[in-house]
Amino acid sequence: MTAVPLPATEVAGSIILIGPMGAGKSAVGRALAAATRHRFADTDRLVVQRAGRRIPDIFAESGEAAFRTLERAALLELHGWSRLVVATGGGIVETAANLPTLREMGCVIWLQATVEALWRRVCTDTNRPLLQVADPRAALRATLERREPLYQAAAHVSVDTSEIGAHEVAQRALMLAVEFFGSRSKMGA
Ligand code: S3P
């Protein structure tokens, strides 16, 4: 399917996408970056580049805590840049220090979805270490329940992606980002 690009749109700051695996952060992020002419960055991809290892290998060889340290370093590397669209890993909110960092970077948009919708999208995935367990659906539910308050605390706005495709999610996210930066400039921030 060829995605219809979004109209070119001026957005005054960076857009940061958070949310669970399968919420569409990368696809939506690329569409937003094209529309805003911001650079697209992906914390998972940066971790892989800097570590020179695939994410499943980092988890298997060094453990989740080591991955979280690399993820925090990737986020801090992006923190200094402006005019970015950033797709983050689903567990970026597990590191408490990341919450203020994310909010300082720009408009934080939480791509929400129900467990059912997420499960439909990720059930055949073998690249996500947290799903390589006996009951991945239960693991997904438990992870989501634990993280929801964290996403809520980190986000400025949210889009429910459960029933709509990436293009529509991107349209809504773009509108929210325009409003966010518009109201911030009115407040003289
Ligand atoms: C993770 C999500 C992954 C990746 C890593 C851990 C998580 O990113 O960062 O496998 O803890 O939910 P996506 O959200 O892009 O799948």
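Q: Which residues of helix H5 are buried?
A: In this predicted model, helix H5 spans residues 98-105, and its buried residues are Asn98, Leu102 and Met105.

Q: Where do they sit around the axis of H5?
A: They are on the same side of H5, because they cover an arc of only 65 degrees around the axis.

Q: And what covers them?
A: The cover of the buried residues of H5 includes strand S1 (14-18), H4, strand S4 (106-112) and helix H7 (136-154).

Q: Which exposed residues are on the face turned away from the buried side?
A: Pro100 and Glu104 are the exposed residues carried by that face of H5.

Q: What follows H5?
A: Glycine 106 does, and its phi is positive, near 160 degrees.

Q: H4 came up as part of the cover. How do the axes of H3 and H4 cross?
A: Two packed helices are described by the angle between their axes and the distance between the axes. For H3 (residues 55-62) and H4 (residues 64-79), the axes come within 7 Å and cross at roughly 130 degrees. That angle makes H3 oblique to H4.

Q: Which residues meet there?
A: From H3 there are Ile55, Ile58, Phe59 and Ser62, and they meet Glu64, Ala66, Phe67 and Leu70 from H4. By class, the residues of this contact are 6 nonpolar, 1 polar and 1 charged.

Q: New topic: which residues are around the ligand?
A: The residues around the ligand are Met21, Lys25, Asp44, Ile55, Gly89, Gly90, Gly91, Arg128, Pro129 and Leu130. Ile55 is also one of the H3 residues that meet H4.

Q: How does that shell divide by class?
A: The shell around the ligand has 4 nonpolar, 3 polar and 3 charged residues.

Q: Back to H7. Where is leucine 150, and why does it count as partly exposed?
A: Leucine 150 is in helix H7. It counts as partly exposed because it has 19 C-beta neighbours inside 10 Å, and a buried residue needs 20 or more.

Q: What separation do leucine 150 and threonine 124 have?
A: Their C-alpha atoms are separated by 26 Å, and the two residues are 26 residues apart along the chain.

Q: What about glutamine 152: buried or exposed?
A: Glutamine 152, which also lies in helix H7, counts as exposed because it has 12 C-beta neighbours inside 10 Å. The cut-off for exposed is 12 or fewer.

Q: How many residues apart are glutamine 152 and valine 93 in sequence?
A: They are 59 residues apart in sequence, and 9.8 Å apart in space from C-alpha to C-alpha.

Key:
Residues are numbered from 1 along each chain as its sequence is written. This is a predicted model: local features need pLDDT of at least 70, side-chain atom pairs count only at pLDDT 80 or more; totals for chains, interfaces and linings use all residues. Axes are lines fitted to C-alpha atoms, for helices over the stretch in contact, and angles run from 0 to 180 degrees between N-to-C directions. Helices (H or I, at least four residues) and strands (E, at least two) are DSSP runs, numbered from the N terminus. Angles under 35 degrees count as roughly parallel, over 145 as roughly antiparallel, 65 to 115 as roughly perpendicular and the rest as oblique. Two residues are in contact if their C-beta atoms, placed from the backbone, lie within 7 Å. Ala, Val, Leu, Ile, Met, Phe, Trp, Tyr, Cys and Pro count as nonpolar, Asp, Glu, Lys and Arg as charged, and the others, Gly among them, as polar. The arc is that of the directions from the helix axis to the C-beta atoms. A residue is near a molecule or strand if its C-beta atom, placed from the backbone, lies within 6 Å of it.
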